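Some labels given to parts of a structure rest on a value and a cut-off.

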Amino acid sequence: MTVRAPRPDTHRVVALCGGVGGAKLALGLARVLGEDLTVIVNTGDDFEHLGLMISPDIDTVLYTLSGLADKERGWGRADESWEFMRALGPLGGETWFQLGDRDLALHVLRTQQLRSGRSLTDVVGDIARRLGIAATILPMSDDPIRTMVETDEGTLPFQRYFVERRCGPAVRAIRFDGALEAAMSAAVRAALAAPDLRAIVVCPSNPFLSVDPILAVPDLRRLVEASQAPVVAVSPIIGGKAVKGPTAKIMAELDVPTTSRAIADHYRGLLDALVIDETDAAERDLPGVSTKVAPTLMQSDADRERLAGTVLAFADEIAAIGSRS
Ligand code: FO1
């Protein structure tokens, strides 16, 4: 148990976030915190497709925080039309990755701006402002980092594994090409080193596919580890299952039990605290980490805000005394 120095006047919060699951908590935090929130987003899923630069997790966060997201599908825009895809197929274009007509505007604009020499951080910042988002949304790095999934059928780039193969092949290992050489942007450094930082929140994204790539940026991980602010994660496991997506399947294939204890073990050395679902209350005694039992399923915006409030109150509770080990 380490005693922290008192930290008055802390109000800024950083959230580490992947796509769909994480973006739900990011939305709750954004509704509570407004411009006091910075979301650092995974870009390991990014890829070039049909000549366009696609950043799926950034786009999910942009669309979710601006109210444009398709809530059912989890990715892309609501009220989408698919004329471009319908025209692309018969011409022999690749149709395994669906780009909606409205969504295309974002990819075309980003690609044009990146090719003109702007950084992803600048481009995303501009788009977020234009979409009326008060929070700051930052890519984890402006350098390319690519999640590669080593499977029983060979190594697959992330989107080929996730979308084209629908997570079918068994995962043997996951690597983040380019991460060791990647620089942390000035904006990410400023957010994590801010003297008024109240908390770092690890969203309930897939730890292996969505949060690990963020933490694979060496300087970024060091700043989280060294932060004076409490680091609080929300477990993506509810009742021994992942809410959505392939988290449970991947954990099984990597020989990791689908438990909140395994999530705490995975983040060991990084976390002060873990919020676990009420159905997993039996796991509340975890070594080296404080736990809070709360409902973590987010079905409505009220759920998202409530969980955000719980996480922030918990972070404030442990701000005076910490238990990172
Ligand atoms: N996910 C799918 O399952 N199928 C798609 O065709 C698809 C297209 C797509 C287009 C733009 C975008 O920003 C995201 C898209 N996603 C699609 C979601 C995305 O690839 C994954 O959910 C994330 O990479 C995992 O976090």
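Q: What is the expected span of a helix?
A: The expected span of a helix is 1.5 Å times one less than its number of residues. The model shown here is predicted. In this model, helix α4 (residues 101–115) has 15 residues.

Q: How do you know that the reach of α4 is close to the expected one?
A: From the first C-alpha of α4 to its last the helix reaches 21 Å, and the span expected at 1.5 Å a residue is 21 Å.

Q: Which residues of α4 are buried, and what covers them?
A: Buried residues in α4 are D103, L104, L106, H107, R110, T111 and Q113. Their cover includes β5 (52–54), α2, α3 and α5 (120–130). Just after the helix, G117 has a positive phi of about 105°.

Q: What makes the pair of D70 and R73 a polar contact?
A: A polar atom of the D70 side chain lies 2.8 Å from the backbone nitrogen of R73. The cut-off for a pair of N or O atoms is 3.5 Å, and 2.8 Å is within it. Not counting residues up to four places away in sequence, D70 also touches W75, G76, R77 and A78.

Q: Why is I133 called buried?
A: I133 has 8% relative accessibility. Since buried means under 20%, I133 counts as buried. I133 sits in the loop between α5 and β6 (136–139).

Q: Which residues does I133 contact, leaving aside neighbours within four places in sequence?
A: They are L62, L65, S66 and A128.

Q: Why are α1 and α12 called roughly perpendicular?
A: The axes of α1 (residues 20–33) and α12 (residues 301–317) cross at roughly 75°. Angles of 65 to 115 degrees count as roughly perpendicular, and therefore α1 and α12 are described that way. The two axes come within 7 Å.

Q: Which residues of α1 and α12 meet, and what classes do they belong to?
A: On the α1 side are K24, L25, L27, G28, L29, R31, V32 and L33, which meet D301, R304, E305, L307, A308 and L312 in α12. By class, this contact has eight nonpolar, one polar and five charged residues.

Technical notes. Residues numbered from 1 in each chain as written. Predicted model: local features only at pLDDT ≥ 70, side-chain atom pairs only at ≥ 80, totals over all residues. Heavy atoms only, no water. Polar contact = N/O pair within 3.5 Å; in protein donor to acceptor, adjacent residues only side chain to side chain. Contact = heavy atoms within 4.5 Å. Helix = DSSP H or I, 4+ residues; strand = E, 2+ residues; numbered from the N terminus. Buried < 20%, exposed > 50% of the residue type's maximum accessible area, 1.4 Å probe, protein only. Axes fitted to C-alpha atoms, helices over the stretch in contact; angles between N-to-C directions. Parallel < 35°, antiparallel > 145°, perpendicular 65-115°, else oblique. Nonpolar A, V, L, I, M, F, W, Y, C, P; charged D, E, K, R; others polar.
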